[in-house]
Amino acid sequence: MKRLIFFVGVYDTLDLFTYELKHEFDALGYESMIFDVRDMAQGLKALSEFASKPVKAVITFNNLGFNMELHAGRNLWEELHIPCINILMDHPFCYRNALDNAPVNSVVLCTDRNHMRYLQRFYPRIPITGYLPHAGKELPGERTPIAGRSIDVLYAGNLSKTFANNIMPDLSKYTSFNAGKVCRRAYEDLVAHPFKTTEQSLEEALLAEGLKLSDDELKNIIADLHFVDLYAVSYYREKTVRSLAEYGLNVRIYGAGWEKCSWIQLPNVDYRGKIPAEEVVEKMRDAKIVLSTMTWFKDGTHDRVFNGMLQGAVAMTDTSGYMKEEFCGVCDGDSSRDDSRELVFFELEELEKLPILAEEVLINPGLAQKIADRGYAKAEKSHTWKARALELEYDLLKHL
């Protein structure tokens with residue numbers, strides 16, 4: 001019964017992940033179908049034919065197809081008795097409604113261990129939760145040596161302050177506490193203590209108001225007020241890239257929202273706007289440094305790091321608990337004598353050190369090449385979609 005169903009059709013980044021995962025499961029001998037939600041009629045017809053034989057599981061990202069119903073009030077995957085594996089690439093508090101209505105045979109996996117713990121606390125009825133790190137894709141062809149690459153520092157990601165404004169709820173609906181004050185306190189706490197999770201800061205801000213809340217009440221308030229997370233992410237994302245730009249390093253930026261930054265017109269900043277996810281990976285092949293920020297994942301990963309490594313660049317990222325466990329990112333002594341780094345870590349609390357770390361890489365192509373080569377070897381061994389398919393098969397699918 002090695003048969004799987006995958007969903008695509010909303011976000012190009014998630015479609016990229018899906019097709020990579022499908023390719024690896026195909027190589028493992030699975031038969032699979034793609035349900036493209038852009039053509040529901042054709043998708044349902046293909047599903048009817050495919051599900052006429054036993055199916056091991058549905059695999060989807062960010063709830064796509066997770067809550068499907070053909071009959072009102074009856075989840076499709078419950079009706080078909082097919083487990084649905086939902087891989088969340090964002091924090092669960094972004095998806096309260098989908099998770100509140102999770103099928104009884106669902107599996108929800110997170111790319112941060114704190115997110116997994118959040119699920120276990122606030123969604124105990126979901127039968128299986130777990131941690132699955134991001135993965136990277138290696139493009140075919142020879143990797144250009146660091147010295148022959150034309151982009152010094154590449155950053156790809158959106159500046160999400162505008163989106164945060166769009167999802168802010170009407171705070172006046174809260175009459176038992178001052179929601180604006182809670183949000184300001186939580187945001188200021190995150191900026192001052194960037195090692196904290198958003199849910200931690202929000203809960204502490206609510207407790208400071210003297211509130212006693214059940215977990216269900218707290219879950220709903222956190223989901224309502226999670227826009228503060230986007231403000232904190234944007235604050236440090238801009239500060240990180242700006243620190244390199246104002247130091248004078250050449251920076252190439254892809255993504256939406258950066259045009260509003262006052263420093264974007266600096267002559268050493270090359271802002272190219274938003275491009276498809278597949279093209280971002282291609283651009284990484286010409287980058288010496290692929291810069292990443294963790295999107296406030298304090299115990300998880302981001303695909304930017306692994307994609308950068310697999311294209312032969314030096315990955316440079318802020319830290320997380322998992323990343324510190326998994327990678328050597330701190331130089332052991334003088335780099336001229338002994339350097340075992342697989343990537344370059346920096347701390348959000350110490351961003352003044354980041355330009356110096358980046359400059360060290362850029363002016364020492366030999367050192368940069370060693371870091372890039374070690375990073376590639378580690379990512380190629382443990383952080384590809386092939387590795388994730390094997391993890392899913394042996395840790396999960398064989399037990400469903």
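I looked at the second largest cavity: by class, its lining has two nonpolar, five polar and four charged residues. Classes here: Ala, Val, Leu, Ile, Met, Phe, Trp, Tyr, Cys and Pro are nonpolar, Asp, Glu, Lys and Arg charged, the others, Gly among them, polar. Helix H5 (113-122) and helix H8 (198-208) are the elements that give two or more residues to this lining. Helices are DSSP runs (H or I, at least four residues), strands too (E, at least two), numbered from the N terminus.

I noted that this is a predicted model, where local features need pLDDT of at least 70, side-chain atom pairs count only at 80 or more, and totals for chains, interfaces and linings use all residues. Residues are numbered from 1 along each chain as its sequence is written, and side-chain values use heavy atoms, with hydrogens and water left out.

Next I looked up salt bridges (a side-chain nitrogen of Lys or Arg within 4 Å of a carboxyl oxygen of Asp or Glu); I get 29. Asp100 pairs with Lys219, closest N and O atoms 2.7 Å apart. That links helix H4 (residues 96-100) to helix H9 (residues 215-225), 119 residues apart. Lys219 is buried at 5% relative accessible area, while Asp100 is partly exposed at 31%. My cut-offs: buried under 20%, exposed over 50%, partly exposed in between (1.4 Å probe, protein chains only).

Then I checked Asp299 and Arg117, which meet at 2.9 Å, N to O. Asp299 is buried at 9%, and Arg117 partly exposed at 40%.
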